[in-house]
Every structure is written in C-alpha cells, then in structure tokens.
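Subject: Structure handover

Hi,

Here is the structure you asked to take over. My notes on what was found in it follow below.

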Amino acid sequence: MKRKYFGTDGVRGPVGSAPMTPDFALKLGWAAGRVLARTPGARVLIGKDTRRSGYMFESALEAGFAAAGVESDMLGPLPTPGVAYLTRALRAQAGVVISASHNPHHDNGVKFFGPDGGKLSDEVEAEIEALIEQPLQCVPSDQLGRARRIDDAQGRYIEFCKSSFPANRSLKGMRIALDCANGAAYRTAPAVLAELGAEVQVIGDKPDGFNINRDCGSTHLESLRQTVLRTKAQLGIALDGDADRCLMLTAEGREVDGDEILYIIARSRLAAGQLRGPVVGTLMSNLGLELAFKSLGIGFHRAKVGDRYVLELMKAEGGELGGETSGHTLCLDRTTTGDGTITALQVLAAMLDEGRSLTELAGGMVKCPQVLINVRLSGSAEAIMNAPQVKAAVRQVETSLGGRGRVLLRPSGTEPLIRVMVEAQDEKETRDAAESIAAQVRALAA
C-alpha cells in the first residue's frame, strides 16, 4: 500500500522541511486523534528523545490532539519501547514517539503505537493520511482536549525492564560499559542495570539537544570499545537514540551484532524449553545465522527489512523471537516492540544461566562475509534499481557466485539511499562483487 507521509517507521525527515514542520505536526496530531481516539475522554501518550526539535513537535502534536478533542499525557524523554509499554499499561488509546531513532539531531520523526502497544497497520496509517488532506475542523471549545504531564514515566518503565530479567538472578559482580547515545535512555538504562546489581560505566549520557547519536551509540562503537577496554568491563552495551536497538561488545572489544544477539537469545530459550515457533530475521540477516539455527533444529524465516515486517511475519508464523542485523530485536514473550534495554537483559541472563562469557556465547554462530554498501542518491531509487546496467551487474555477480552466496539491492526506508548487499563465503570475492554493483548504482545516482 503506497503511503504519502508514512515510511517503514512513521513519518520522518529533516527538521523544518516537509513533512517535519510544526504546521504538519499539528495537522498530523489532529488527524491521528480523529482516527485513533474516537471515544469521549480518549487520551494519548506523547514521549520523545533528546533532540532540541522535540519541544516544538511535542507542542504542535498536543495542539492537534486538543483540536480533535483528545487528552494528551506528556511523558518527556523516554525510550520508544517505554512509550509502547505505558500506552498498554495505562490503557491509553494511542502512544506517540517523537524521534528519528539513529539519525542525527537535524532529523526528527513521529511514530505511533495502538492501545496494544503495537505499531499501526498500513490501513490505519492510510486512514490518517486521508484525513491530513482534509481541512482541520476543531471540536467545540467545551470539548477540547487537555495536556498533562506524567512525572513518574521513567520510573514505571525502569521497573518494567527489570521485570523482564529473572527474579532469582543478579548482576552483582559484573562490570558493564553502557553507551546511551545521548538519547532517550540516558537515565533509564543506567538505572536498570545498576538496580539489578551491575557496576555500570556509562558514556553518552549527557544530551544537549544536538549530540544525540553523534560519534556514539549503536552506529558509532569506537568510544564504547575504548571504555570496555579501559575499564576492563565484561561487555559493552550500545543503544541508539530512541533505545529500541542494541548492539554489544565482548570484553575484547569485538562487535556482537543483531544476528548474533538473536542467536544467543534463541539458543538460551531453546535450552530452557521456552522457544515457541520459528525465529524471524530479514533479507539482510547473515547466512551464518540461518545455518546455526538449522544445526539446532530451529525454524528460521526471512521478512522484508523493517521491524514492522519482522513483527508481521512473527505473528503469522506464531513466533516470539525476531530481529534485524542492526540490533532491533523483538522478544514478544517480554514486550510488544523492539527494546534495546530488554534485549541486553536477555543476553545477560543467558550469560548467567550458562556461566559463559559473551565471547563464548557468540562464538556458536559463524558469520559468512557480508558486505553492505550504502549509495546516496537524489533521484528515484526504483528507477536506478531497474536500470539495465544495474540489473546486468547483479546478474553477472549472481552467475559468478554460482549459488555460493546471494545479492540484495533495496532502498532505505528512512534515508535517500540504495543499500547494496552481497554475501558469500570468500571475503575478497564478496567485497569485489559488492563494489562492482555499487559502482553501477553510483554512476546513475550522481
């Protein structure tokens, strides 16, 4: 279903450019209020990350909801999964998150959760988009919505995260390095780990409105790597700006990506007799993950890239675990959406259950060489991907690999990029193949 404003993860773009303008946010709040909160006294929760522009969009959305006759409860800075949890726990009709996730501060976005804490369907998003195109009609003044602030939102979410960790386990004696990406989890994630007993070495916990994701977090691991090695931590945890993703580092500073995290959690659930249904990855998931699951007798399915598609396939197949290589992991037996803090806790629980290090647990999966090249473009991604010279380059690589690997081209759902991915058993062959296709894409994208 083609949508005008909504991408794979809500509405997103540069601040001040359509659609991320205050007048559009007001209209979006009004339209969403009309669609999501049709009952008298309906209310929505509004959370945000630490971007300076969040104040502007928070006010605009609240005004739009008020014009639709909807009450707004302001949560302040809170991880995206925290908003999803509180939407469900407080019986709100919808939850709203103001965030551009792992993007820099000059981008922002708006995404929604339904009353069940899950993301909206394409059909509901299309209904909101249809209303955005209509004139804004304010309810009578005696029916306008009000705005309040929930002061203990962070505390409620901290307790929820702790409840996902085994009650008979403690992190006492464990030293953990944590990078909060100067984002939404800068208070909650350190508190969760400390209250469970860990000694926490925290970086990326001093947001100034502009430094979110800047040289920190899950997209920039070097500062965390230095912290792990300097403090002799057992592991490192890197969150992104809205804390729905988690990547990790071993004590030696080696990255443990989303595929390896998914493998560790699934293997732990299997050993405990708690793994239900197949595990779902994406088209980008490493072939090594699929082979590792096959050796364990665990079913594995691939969805389109994007957590909404992973979730859809998980529900269709009856699975409870799924995720992306980027570190967006879904544990539906613990929560309704991707949650970086809860993901990290599941890995920590597996380490304690087996008495093994993160290095040892991740070593059970052997990754195949995979090269991903992002090519920035200004024109149509679809036109470039369908160009004869690009298709010819792909065919040539697939022929040369001879079934020993795979090729994937796809447009980014959040940025003007085409992602070129090649996976094979030989690293040099993989990189050469990816570069040959990327060169054709660049020639057309220039």
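Gly197 touches Ser170, Leu171, Lys172 and Gly173, leaving out residues up to four places away in sequence. Contact here means heavy atoms within 4.5 Å. Gly197 sits in the loop between helix 6 and strand 8 (199–203). Helices (H or I, at least four residues) and strands (E, at least two) are DSSP runs, numbered from the N terminus. Gly197 is partly exposed, with a relative accessible area of 30%. The cut-offs: buried is under 20% relative accessible area, exposed is over 50%, and partly exposed lies in between (1.4 Å probe, protein chains only). Gly197 and Glu423 are 226 residues apart in sequence, and their C-alpha atoms are 41 Å apart in space.

Some ground rules. This is a predicted model, where local features need pLDDT of at least 70, side-chain atom pairs count only at pLDDT 80 or more, and totals for chains, interfaces and linings use all residues. Residues are numbered from 1 along each chain as its sequence is written, and side-chain values use heavy atoms, with hydrogens and water left out.

Now the helix packing. Helix 6 (residues 188–195) and helix 11 cross at roughly 25 degrees, and their axes come within 11 Å. Axes are lines fitted to C-alpha atoms, for helices over the stretch in contact; angles run from 0 to 180 degrees between N-to-C directions. That makes helix 6 roughly parallel to helix 11. Angles under 35 degrees count as roughly parallel, over 145 as roughly antiparallel, 65 to 115 as roughly perpendicular and the rest as oblique. The crossing of helix 6 and helix 11 is right-handed. In a right-handed crossing the near helix is turned clockwise from the far one by less than a right angle; anticlockwise is left-handed. Helix 6 brings Ala189, Val192 and Leu193 to meet Thr341, Leu345 and Leu348 of helix 11. By class, the contact of helix 6 with helix 11 has 5 nonpolar residues, 1 polar and no charged. Ala, Val, Leu, Ile, Met, Phe, Trp, Tyr, Cys and Pro count as nonpolar; Asp, Glu, Lys and Arg as charged; the others, Gly among them, as polar.

Helix 5 (residues 153–163) packs on helix 11 (residues 340–354) too. Their angle is about 25 degrees, with axes 9 Å apart. That makes helix 5 roughly parallel to helix 11. The crossing of helix 5 and helix 11 is right-handed. Tyr157, Phe160 and Cys161 of helix 5 make the contact with Thr341, Ile342 and Leu345 of helix 11.

Thr335 lies in the loop between strand 15 and helix 11. Thr335 counts as buried, at 4% relative accessibility. Neighbours within four places aside, Thr335 is in contact with Arg88, Phe160 and Ile342.

Next, the cores. A nonpolar core is a set of buried Ala, Val, Leu, Ile, Met, Phe, Trp, Tyr and Cys residues joined through side-chain atoms within 4.5 Å. The largest has 64 residues; Leu171, Ile176, Leu193, Leu235, Ile237, Met248 and Leu348 touch the most other members. Helix 11 gives the largest share of this core, 8 residues. Apart from this core lies another, of 33 residues, including Leu28, Trp30, Ala68 and Ile98.

Last, helix 10 (residues 307–317). Its residues Asp307, Arg308, Tyr309, Val310, Leu311 and Met314 are buried. Their cover includes helix 4 (122–132), strand 12 (279–282) and strand 13 (300–303). Gly318 follows helix 10, with a positive phi near 75 degrees.

Best wishes
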